[in-house]
Amino acid sequence: MSEKEVQDQAAANVERIMALCKRPGRILILMQDNPDPDALASAAALHDLTHHHVKKHAVLGYGGICGRAENRAMIDILRIGVKRLTPDQIERFRTVCLVDTQPRSGNNILMPSRLPEVVVDHHLLPKRGPWMAEFADVRPDYGACSTIFYEYLQATNVRITPRLATALFYGIQSDTQDLGREANPADIRAYRDLFLIADKKKLAHIHHAPVPPEYFRMLADSLATCVVAGTTVVSQIPECTNADMIAEVADRLMRLEGMRAAVCYGVFGDTIHLSARALDARGNCARRMKRVVARLGSGGGHRSMAGGQIPINGDAEKRLALVQARILKAFAPNRVPVPLCEALPPGGEGGQSQQ
Ligand SMILES: [Mn+2]
């Protein structure tokens, strides 16, 4: 498509979304549970679009917890007004717009019986069990949902404030790992244009957000449980107090030399959360993740990054053992797992201290 065609398509899409948002009643922009920067930026962009075009203030909602320090800093520093919601509160809204997530993906609080009005996303569509929406724009070839919203804003001449530009830039940056992961030419164009408008100081503050001691405790635990199987590294966070940490550890472990895939999992609440990363699209993360969660929970994503959720019904230890076995089978078939680092000697008298 030429640049003009992309613009026309984006403008037509915005027109259809706004026709739905214009109807009486409140608008909810719903993100995935534990929203990431791409979801937060997309929601902020759709908020500005509806305010500009139909003069309405939409509510930005999510289920779960926004735990990652960078994401919390993004919300505070860029003043993105988000609300934590329970599934029954969705009934209050006439128009529901899903961003960076889809119906029945298992990672948002929209009931399967509720048909959303708008879906804008960049994750792969399910092979089975198609969903319905009044309007949907799903582009799995895009590295970030923020890029789609950048096109919407551009095509309909909505002013992008430095705050929104910072959010969208950070959304693209984190979802594509600085354009190194599944970024297409549209992502590169948006990244370049948005960087000029973004507030670099605020961006730096978000990147270097302070973390609580709990962060290092979970990081240490994840390293203590870490195993390498062939070219896959797998770790568990036994006591996870922040679901976002699981994705963060998977990202971090991907830096281990020689690895082609990284998987991290842990129990948060009454659910096992999983995150998988691959060096490139050959990793087929979404497909492998689907095999791990089959008949137990839900999961999906992209070729080089995927997530999953498995509810614990009954014995958590048994379920975790099954999940670990399935991860190894799906991501490292016929490989023997070996510990990444030997367990640290217990502290106290026996420990040798070196200054
Ligand atoms: Mn995304």
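**Briefing: a two-domain predicted model**

Valine 233 stands opposite alanine 262 in β9. The model is predicted, and the protein in it is divided into domain 1 (3-207) and domain 2 (215-339).

**Strands β8 and β9**
- β8 and β9 pair in the parallel sense, with 6 bridges between them.
- Of the 8 residues of β9, 8 are buried, so the strand is largely enclosed by the rest of the structure.
- In a regular strand, side chains alternate between the two faces of the sheet.
- From β9, Ala261, Val263, Tyr265 and Val267 point one way, while Ala262, Cys264, Gly266 and Phe268 point the other way; all of them are buried.

**The sheet**
- Seen in order, the strands of an open sheet of 7 strands are β11-β12-β10-β9-β8-β7-β13, and the pairing is mixed.
- β11 (298-301) and β13 (338-339) are at the edges with a single partner strand each, so one side of each has no neighbour in the sheet.
- Strands β10 (residues 271-278) and β12 (residues 305-311) run antiparallel and are joined by 7 bridges.
- Leucine 274 has glycine 308 in β12 as its bridge partner.

**Helices across the sheet**
- Helix α9 (residues 244-253) lies across β8 (232-237), β9 (261-268), β10 and β12. Its direction is at about 160 degrees to β9.
- Helix α10 (residues 285-293) lies across β10, β11 and β12. The angle between α10 and β11 is about 175 degrees.

**The two domains**
- Between the C-alpha centres of domain 1 and domain 2 there are 26 Å.
- Where the domains meet, 13 residues of domain 1 are in contact with 16 residues of domain 2.
- On the side of domain 1 that touches domain 2, 2 residues are nonpolar, 8 are polar and 3 are charged.

**The whole protein**
- The secondary structure consists of 11 helices and 13 strands.
- The radius of gyration is 21 Å, close to the 20 Å that the globule rule gives for 355 residues, so the protein is as compact as a globular protein of that length.
- The C-alpha trace spans about 65 × 45 × 40 Å along its principal axes.
- Of the 355 residues, 46% count as buried.
- Among contacts between residues at least 6 apart in sequence, 63% join residues at least 24 apart.

Notes
Residues are numbered from 1 along each chain as its sequence is written. This is a predicted model: local features need pLDDT of at least 70, side-chain atom pairs count only at pLDDT 80 or more; totals for chains, interfaces and linings use all residues. Two strands pair if DSSP finds at least two bridges between them. Helices (H or I, at least four residues) and strands (E, at least two) are DSSP runs, numbered from the N terminus. Two residues are in contact if their C-beta atoms, placed from the backbone, lie within 7 Å. Axes are lines fitted to C-alpha atoms, for helices over the stretch in contact, and angles run from 0 to 180 degrees between N-to-C directions. Domain bounds come from an automatic or database domain assignment. Ala, Val, Leu, Ile, Met, Phe, Trp, Tyr, Cys and Pro count as nonpolar, Asp, Glu, Lys and Arg as charged, and the others, Gly among them, as polar. The radius of gyration is taken over C-alpha atoms; the globule rule is 2.2 Å times the number of residues to the power 0.38. A residue is buried if 20 or more other C-beta atoms lie within 10 Å of its own, exposed if 12 or fewer, and partly exposed in between; C-beta atoms are placed from the backbone.
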